[in-house]
Amino acid sequence: MSRSLNLVALLIVAALALPALAQEKAHKPFGFGKPATKEEIAGWDIDVRGPDGAGLPPGKGTVAEGEKLFMDNCAACHGEFAEGAGRYPELIGGRGTLKSDDPRKTIDSYWPYAPTVFDYIRRAMPFGAPQSLTNDEVYSIVAWLLNQGDLWPADKPLDAEGLRKVKMPNRDGFLAGDPRPDVKPDTCMTNCRTTPPKITSDLAARLGVTPTDRKGD
Amino acid sequence: MKKTVGQTGNDGALLAPSRRSFLKKSAAAGGLTLLAGAGVGEAMAAGPDNLPPNVPEWMKTLGSNVAAHPYGMPSPYEKDVIRRNVPWLTATEESSINFTPIHELDGIITPNGLCFERHHGGAPEIDPEQHRLMIHGLVDRPLIFTMDDLMRFPSVSRIHFLECPANGGMEWRGAQMDGVQFTHGMVHCCEWTGVKLSTLLAEVGVQKAAKWMLAEGADAAAMTRSIPLEKAMDDVIVCYSQNGERIRVENGYPLRLLVPGWEGNVNVKWLRRIKLGDQPWHHREETSKYTDLMPDGIARQFTFVQEANSVITSPCPEKPMKFGKGFYELRGIAWSGRGKIKKVDISIDGGMNWHSADLQSPVFSKSLTRFRFPLQWDGRPLLLQSRAMDETGYVQPTIEALRAVRGRNSIYHKNSIHTWRVLPSGEVENVQIA
């Protein structure tokens, strides 16, 4: 009698447990969160994709307007010719330097896609006041920058269609796909060197570029 | 550590003149060690009352009460155990980085207040009540989650390291930084708790065409990175806790992505949005930055994995072998973005001979692993190195081998075997060897 009661109890427990288990297995939604409305998505969906410019907004700008905006909002850090100031980065110049000992990675020497310039300025610039410029203003600044790099004519307004068509000089300069590991493993344990170790660099303690409080002084 | 204060003072009395002057130099460098570096006579004069046979003053009065420190802080004597930055490295301190004091830490867990910080637009102070995570794009049900929503999902906790791919980047051309905090401190290791991203993606219903996702932060840089969906469905965690408590502001409060074993930059902090797409976005942080320029002028892109790395954290320039000849335990950390550390070898002669170090167990995947090696030092100069191997058989390369393939301009992913030169004085210098 008690055994059959136990069996009934077990069956009840199993029946109660089943829905929860099934939810885990079949990825039935938990139902947490709320549906995102079109308006909510539109307000946050600010990304612009590099290769095809997907997400570029309507609007347009001019090189002349971009020059004014750049002087007011950007030149203090990036220089009046986008050549950089102090440690702030130069934005234009340095083409042909990528194989040198002093590669200069700028928009026109390095960036593979022009729409990314729009994306980055809109999301992160001006430094300290991001997402404060209108889309037309961003188009204008991008137009001026591209013009500084001889990638957009001075008298032509720039819009989404135009920006998609700009071919950046270094578009083919990237290898997508990670070739690592790229160094052969060396697991030698004894007598691993044919020559004694030779110091090639030992100035760290004397260069004076390490913060002087490194030990708390 | 300050536990050694008494020993140092005693040791100081036994020093030869040249070594004493070195100790005085380092004593002058640190407030507390001033006491330590002094000779026995001076140390006695400075405070004998607390040493045997006397009863220390802190045993004669009551200590602070349980209400004194509702959130505890380290002892004031540990004031030098702090993150440090390199002012000349970046144009501003909002878009900058600082370094974990790995030479001051034991075990594998980094205390929350010491985890290195990397921001692109400063660390925002976000009200969790007003924070939302939106997931949209190529999904069946675009959703917005509150923090409460996210914490209702089944949770996981995992111990993982997180490393900036620029860790060691200042050393591609030569030994430059005089301290392990600066050569290797862009790494930390925490226990992270949150909801698996795969759980959230199942909730929104990923469409077949989706192959990549874009993660976006709620900071003043609205930082974005593209991540392959395959990784997103594997072991990525949307985290709200770090070492048991809510994530620190500077590490992404209230919500961040944790992408185990992959370069720090993709572990987007202050996570506000995930968008599914059919290809990567090629945004600024994955084209202009965080790409590895090779000698032929071609840059490697989407080099996500942090390959195996290791470094000896004691001794190091900040922690010299200051006790003269005798026994030292070499200590250090190793880690690999491909899985578990399998083996760490130590060389004291610049790579001529190697000896296996002891690994502290348990060893976790994609986590810091503590290694130790006993050394009887005879006072001769040493070239100390550590060499990590992970469970895939990958072995940490020499700087020469790495440069032979990648040149000197790649900035990122420098994980070569590191060399400390130990001088007869016990001072330790950062050098590179061939």
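This is a predicted model: local features need pLDDT of at least 70, side-chain atom pairs count only at pLDDT 80 or more; totals for chains, interfaces and linings use all residues.
**Exercise 1. The elements of chain A**

Task: State how many helices and strands chain A has, and give their order.

Solution. 
- Step 1. Count the elements. Chain A has eight helices and five strands.
- Step 2. Read them from the N terminus. The order is α-β-α-β-α-α-α-α-β-α-β-β-α.
- Step 3. Of the 217 residues in chain A, 30% are buried.
- Step 4. Look at sequence separation. Take the contacts in chain A between residues at least 6 apart in sequence; 61% of them join residues at least 24 apart.

**Exercise 2. Burial of H5(A)**

Task: Decide whether H5(A) is largely enclosed or open, and find what its buried residues pack against.

Solution. 
- Step 1. Count. In H5(A), 10 of the 10 residues are buried, so this helix is largely enclosed by the rest of the structure.
- Step 2. Name some of them. The buried residues include A:Val117, A:Phe118 and A:Ile121. Charged side chains are also on the list, among them A:Asp119, A:Arg122 and A:Arg123.
- Step 3. Find the partners. The buried residues of H5(A) pack against H6 and H7 (160-165) of chain A.

**Exercise 3. The largest nonpolar core**

Task: Identify the residues that touch the most other members of the largest nonpolar core, and the element with the largest share.

Solution. 
- Step 1. Take the core. It holds 134 residues.
- Step 2. Find the largest share. H6(A) supplies it, with eight residues.
- Step 3. Follow the member from chain B. Beyond its neighbours within four places in sequence, B:Val238 contacts B:Leu150, B:Gly194, B:Val195, B:Leu197, B:Leu200, B:Leu255, B:Leu257 and B:Leu271.

**Exercise 4. Chain A meets chain B**

Task: Describe the side of chain A that touches chain B, then trace the strand pairing between the chains.

Solution. 
- Step 1. Count the residues. In chain A, 69 residues are in contact with 82 residues of chain B.
- Step 2. Assign elements. S1, H2, H5, S4, S5 and H8 of chain A each give two or more residues. H5(A) gives the most, with five.
- Step 3. Sort by class. This side of chain A has 36 nonpolar, 13 polar and 20 charged residues.
- Step 4. Take S1(A). This strand pairs with S5(B) in the antiparallel sense over two bridges. There, A:Pro35 has B:Leu143 as its bridge partner.
- Step 5. Take S5(A). This strand pairs with S24(B), also antiparallel and over two bridges. Here the bridge partner of A:Ser201 is B:Gln432.
- Step 6. Six strands form an open antiparallel sheet, ordered S5(A)-S24(B)-S23(B)-S22(B)-S18(B)-S19(B). S5(A) and S19(B) stand at the edges with a single partner strand each, so one side of each has no neighbour in the sheet.

How values were computed:
Residues are numbered from 1 along each chain as its sequence is written. Chains are lettered from A and ligands numbered from 1 in the order in which they are written. A nonpolar core is a set of buried Ala, Val, Leu, Ile, Met, Phe, Trp, Tyr and Cys residues joined through C-beta atoms within 7 Å. A residue is buried if 20 or more other C-beta atoms lie within 10 Å of its own, exposed if 12 or fewer, and partly exposed in between; C-beta atoms are placed from the backbone. Helices (H or I, at least four residues) and strands (E, at least two) are DSSP runs, numbered from the N terminus. Two residues are in contact if their C-beta atoms, placed from the backbone, lie within 7 Å. Two strands pair if DSSP finds at least two bridges between them.
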